[in-house]
Amino acid sequence: MATVYMTAAFPDVASKVLDEAGIDHDGFSGEGLITKEELLKHVGDVKVLITPLSTKVDQDVIDAAPNLKLIANFGAGFNNIDTAYARKKGIDVTNTPFVSSVATAEIANGLAIALSRRIVEGDHVMRTVGFDGWAPLFFRGHELAGKTLGIVGLGDIGKNVAQRLAAFDMKILYTQRHQADPAVEAHYDATYVSLDELLEQSDIVSLHCPLTPATTHMIAAPQFN
C-alpha cells in the first residue's frame, strides 16, 4: 500500500513533487468522483490523504485508516472533513486558503461583466439568428462605471473582487460581522455599511462569506424585496 493516497486526479505537478521526494503514492483514476466504498479500500495503510472538496472524510474513513497522520485538502474549504474527529485521533488537517482567491474573484468579476454587457445573450444570438446590423436600441447593456458594487465578506476573495471592479470605476460598499481596519478600507476605497444598506444601494451584490447557520438564507424574500 502507498504512503500517500490522492482521492482524485490532481495536476501532474503533485505526483512530480512526491516522486522527487521519494514518497510512495497512489491515486484514484476512475471515472467521476471516488465513492466511499472505493476510498475505504485504499486507506488501510496510508499515512497521508490528499483530498479535494468532493471527497468526504468522515469517521468511517478515519477509523479505516489507523496509520493516518495527515489529511491535506486541496482547496480553501474543509467542510468535507470531520475535523473534530480528526483532531481527537491526533490527525492533522491542512487546506490551501489563498491559492484560488484570484481565480474565484476573476470568475465573479467575469459574471458581473457578462451580465451587465449581456455577453452570453449576445453569443446566443450570434449562434442562432445572427447579427443583421447595428441599431441604437439593439442589445443595450449597462456600464459598470458609476455603479455600486456591494461585497458581503471583505476577505481575501472579496478584496480581490473590490480591487478589480474598482478599476471599472465602481463604488465599493461592503458588509461583514466586523468592520475592517481603516487602512484596509482606504486601500480598497471601500465603505462599511449594514447588509440592508448594501442591498438597497448596490447595483451588483457579490457574496464571499462561508455557509454557516448565521449566513444560511441571509438573502431571502425580505432582502430581495
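Is D58 buried or exposed? With a relative accessible area of 15%, D58 is buried, where buried stands for under 20% relative accessible area, exposed for over 50%, and partly exposed for what lies in between, computed with a 1.4 Å probe on protein chains only. The model is predicted, so that local features need pLDDT of at least 70 and side-chain atom pairs count only at pLDDT 80 or more, while totals for chains, interfaces and linings use all residues. Residues are numbered from 1 along each chain as its sequence is written, and side-chain values use heavy atoms, with hydrogens and water left out.

The search of the whole structure gives 6 salt bridges, a salt bridge being a side-chain nitrogen of Lys or Arg within 4 Å of a carboxyl oxygen of Asp or Glu. One of them joins D58 to K36, with 2.8 Å from N to O. This pair links distant parts of the chain, since D58 sits in the loop between strand 3 (48–52) and helix 3 (59–63), whereas K36 belongs to helix 2 (residues 36–42), 22 residues apart; helices (H or I, at least four residues) and strands (E, at least two) are DSSP runs numbered from the N terminus. K36, at 32% relative accessibility, is partly exposed.

A second example lies in helix 6 (residues 119–127), where D123 and R127 are 4 residues apart and therefore separated by about one helical turn. Their closest N and O atoms are 2.8 Å apart in a salt bridge. D123 is partly exposed at 35% relative accessibility, while R127 is exposed at 67%. Elsewhere, salt bridges that share partners join K36, D58 and D60 into one network.

We turn now to helix packing. Two packed helices are described by the angle between their axes and the distance between the axes. Helix 5 (residues 101–117) and helix 7 (residues 156–166) pack at about 50 degrees, and their axes are 8 Å apart, the axes being lines fitted to C-alpha atoms over the stretch in contact and the angles running from 0 to 180 degrees between N-to-C directions. Helix 5 is therefore oblique to helix 7, given that angles under 35 degrees count as roughly parallel, over 145 as roughly antiparallel, 65 to 115 as roughly perpendicular and the rest as oblique. The contact, meaning heavy atoms within 4.5 Å, includes V102, A105 and A108 of helix 5 and I157, V161 and L165 of helix 7.
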